[in-house]
Amino acid sequence: FQTCLSEEVCSILENSNILLDQGLVYLERPKKGSSDFLSRSWEMYKENATGSIIYGLYKLNKKLKAAS
């Protein structure tokens with residue numbers, strides 16, 4: 001969480017076939033940060049916040065990924 005690997009990990013997941021079609025990824029990020037590291041291919045499924053953390057489930061839309 002503190003090392004901000006989310007961008008790198010999401011990129012690896014996007015460019016591989018690791019995730020199933022309806023697979024969800026759990027992410028945590030600081031409230032002060034932004035979610036700009038997620039490409040348009042990622043859709044928020046559920047998101048919430050507590051203390052200084054935003055957490056949620058995100059889904060890779062493979063149709064959007066294929067179109068880009």
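## Basis of the model

The model is predicted, and local features require pLDDT of at least 70, side-chain atom pairs count only at pLDDT 80 or more, and totals for chains, interfaces and linings use all residues. Residues are numbered from 1 along each chain as its sequence is written, and side-chain values use heavy atoms, with hydrogens and water left out.

## Overall architecture

The chain contains two helices and three strands, arranged from the N terminus as α-β-β-β-α. These elements are DSSP runs numbered from the N terminus: helices are H or I runs of at least four residues, and strands are E runs of at least two.

Of the 68 residues in the chain, 26% are buried. Buried denotes under 20% relative accessible area, exposed over 50%, and partly exposed the range in between, with a 1.4 Å probe and protein chains only. A contact requires heavy atoms within 4.5 Å. Among contacts in the chain with a separation of 6 or more, 50% join residues 24 or more positions apart.

## The sheet

The three strands form an open, antiparallel sheet in the order S1-S3-S2. Strands count as paired if DSSP finds at least two bridges between them. S1 and strand S2 (42–50) are the edge strands, each with a single partner, so one side of each has no neighbour in the sheet. From one strand to the next, the twist averages 25 degrees; axes are lines fitted to C-alpha atoms, for helices over the stretch in contact, and angles run from 0 to 180 degrees between N-to-C directions.

S1 and S3 run antiparallel and are joined by seven bridges. Across this pairing, Leu-24 stands opposite Lys-59 in S3, and Glu-28 stands opposite Tyr-55 in S3. The covered face of S1 carries Val-25, Leu-27 and Arg-29, while Leu-24, Tyr-26, Glu-28 and Pro-30 belong to the uncovered face.

Within H1, the buried residues are Ser-6, Cys-10, Leu-13 and Glu-14. Viewed down the axis of H1, they fall within an arc of 100 degrees, so they line one face of the helix; the arc is taken over the directions from the helix axis to the C-beta atoms.

The largest nonpolar core has 10 residues: Cys-10, Leu-13, Leu-19, Val-25, Leu-27, Phe-37, Leu-38, Trp-42, Tyr-58 and Leu-60. Helix H1 (6–14), strand S1 (24–30) and strand S3 (53–60) each supply at least two residues of this core. Such a core is a set of buried Ala, Val, Leu, Ile, Met, Phe, Trp, Tyr and Cys residues joined through side-chain atoms within 4.5 Å. Leu-60, leaving aside residues up to four places away in sequence, touches Leu-13, Glu-14, Leu-19, Asp-21, Gly-23, Ser-41 and Trp-42.

Glu-14, in helix H1, counts as buried because its relative accessibility is 14%. Its side chain makes a polar contact with the side chain of Trp-42 at 2.9 Å. A polar contact is a pair of N or O atoms within 3.5 Å; within protein, one must be able to donate a hydrogen and the other to accept it, and residues adjacent in sequence count only if both atoms are side-chain atoms.

Arg-29 lies in strand S1 and, at 11% relative accessibility, also counts as buried. The side chain of Arg-29 makes a polar contact with the side chain of Glu-47 at 3.4 Å.
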